[in-house]
Amino acid sequence: MSRAHDRTVRFQGSGGAVTNMVLFLGIVAVIVFYLSPLSPNPNPLLVDAFLANPFLNGLIVIVLLLGIAYNLRQAWVIGPAVRWVNGFRNSVDPERTRLPRPPALIGAMSRMLLDADERGGRLSQASTRAILDSIGVRIDEGREFGRYAASLLVFLGLLGTFWGLLQTVNAVAEVIGSLSSQSGEGADAISELIANLNAPLSGMGTAFSSSLFGLGGSLIVGFLDIQAGKAQNRFYADLEDWLSGITDVTTTPGRTKAATAETGALIERLEIALSRLEAGQDRGAAAIRQEVRDLGTLLTKGTRSGPQG
């Protein structure tokens, strides 16, 4: 392949995005540490919030961990793709036998590039468009789970909120019902009221703790998804720039002008044949068929003489 434009494009891996993601997760870990009983100033806030509804909050934490791992993977897979492309560009082996196995993200592109090597080292415009479309679709499909995880965390947080509010409403109704049936001194009634308020307060704990974990997890996964998307979009832009330098976009001016002139002459002859047919002259239909065959032959030759991939 042509190396003129090839050397001017420098692919950037996913190292910067992965570094930003790790730093962000480190900051989150420090915050969690200082809000836990293990910090120098023990704080039971997160533990108490988690224990308000261990089942739902545990599910939120599991979804959060899956979202973190998936987004890290989405950014990390850019590295093998960049290494394969750089290996292809720097390879001096015409058979490309020492290239590593291409990752799934650029599987279709690798086959097209290797086929183009066998045909002269240039890609057609259709091949370049197909490569970019294929990679663009795979990038979009790969980010769907990360976006879904962020939305799922918000949903679970809201689910816990309504769950806790429902528990609170039911508990308050029970407290009010118990007050109406009580008979005795005022002090005893107040003591009973205070004791019965534990259930409504536990429901509010479920509501607020689930919102805390759900919205906080959505914030974390959303930031990681943005970083992974930046790495993927940067790779796509670099790839588009590189492919534009090895795509054959040239045409032959002399051949194009000649084909245009021949096409115009054939169209004129076709019009004459149609006029003869309308006038009722002999052999009009046969002449039209011949002109159509000549025009088809010319168009076929013009297509074959166009840019080759």
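Modeller: One term before we start: a residue is buried when its relative accessible area is under 20%. Also keep in mind that this is a predicted model.

Colleague: Okay, then why is Val85 called buried?

Modeller: Val85 has a relative accessible area of 1%. The cut-off is under 20%, so Val85 counts as buried.

Colleague: Where does Val85 sit, and which residues is Val85 in contact with, apart from neighbours within four places in sequence?

Modeller: Val85 belongs to helix 4, which covers residues 78–90. With those neighbours set aside, the contacts of Val85 are Phe11, Ile106, Met109 and Trp242. Take Met109: this residue is 24 places from Val85 along the chain, and their C-alpha atoms are 9.8 Å apart.

Colleague: How much of the whole chain is buried?

Modeller: Of the 309 residues, 35% are buried. The chain's accessible surface is about 18,300 Å², with 63% of that area belonging to carbon and sulfur atoms.

Colleague: How do you know which kinds of elements the chain has?

Modeller: Count them: there are 11 helices and zero strands. Contacts tell you something as well. Among those between residues at least 6 apart in sequence, 79% join residues at least 24 apart.

Colleague: What about the largest pocket: which classes of residue line it?

Modeller: The lining has 17 nonpolar residues, two polar ones and no charged ones. The pocket's volume is about 520 Å³. Of its 19 lining residues, Val28, Val32, Leu64, Gly216 and Ile220 are the closest to the centre. Helix 9 gives the most, with six residues.

Colleague: What makes the lining of the second largest pocket partly charged?

Modeller: Its lining includes Arg73 and Arg138. Arg is classed as charged, so those are charged residues in the lining. By class, the lining comes to six nonpolar, three polar and two charged residues. This pocket holds about 180 Å³ of space, and helix 6 gives the most to the lining, with three residues.

Colleague: Last one: how do you know where the predictor is confident, and where is confidence lowest?

Modeller: You look at pLDDT, a score from 0 to 100 for each residue. The chain averages 76, and 62% of its residues reach 70 or more. Among the elements, helix 3 (residues 54–76) comes out highest with a mean of 92, and helix 8 (residues 186–196) lowest with 58. There are also stretches below 50: residues 1–5, which have 17 contacts beyond near neighbours in sequence, and residues 251–255, which have three such contacts.

Definitions and conventions. Residues are numbered from 1 along each chain as its sequence is written. This is a predicted model: local features need pLDDT of at least 70, side-chain atom pairs count only at pLDDT 80 or more; totals for chains, interfaces and linings use all residues. Side-chain values use heavy atoms; hydrogens and water are left out. Helices (H or I, at least four residues) and strands (E, at least two) are DSSP runs, numbered from the N terminus. Contact means heavy atoms within 4.5 Å. Buried means under 20% relative accessible area, exposed over 50%, partly exposed in between (1.4 Å probe, protein chains only). Accessible areas come from the Shrake-Rupley method with a 1.4 Å probe; for residues, only the protein chains shown count as cover. On a 1 Å grid over the protein atoms alone, a cavity is a set of points where a 1.4 Å probe fits but cannot get out, and a pocket is an open set with protein on both sides within 12 Å along at least five of seven lines; lining residues have an atom within 4 Å of a point. Grid points are joined across faces, edges and corners, and a volume is the space filled by probe spheres set on the points.
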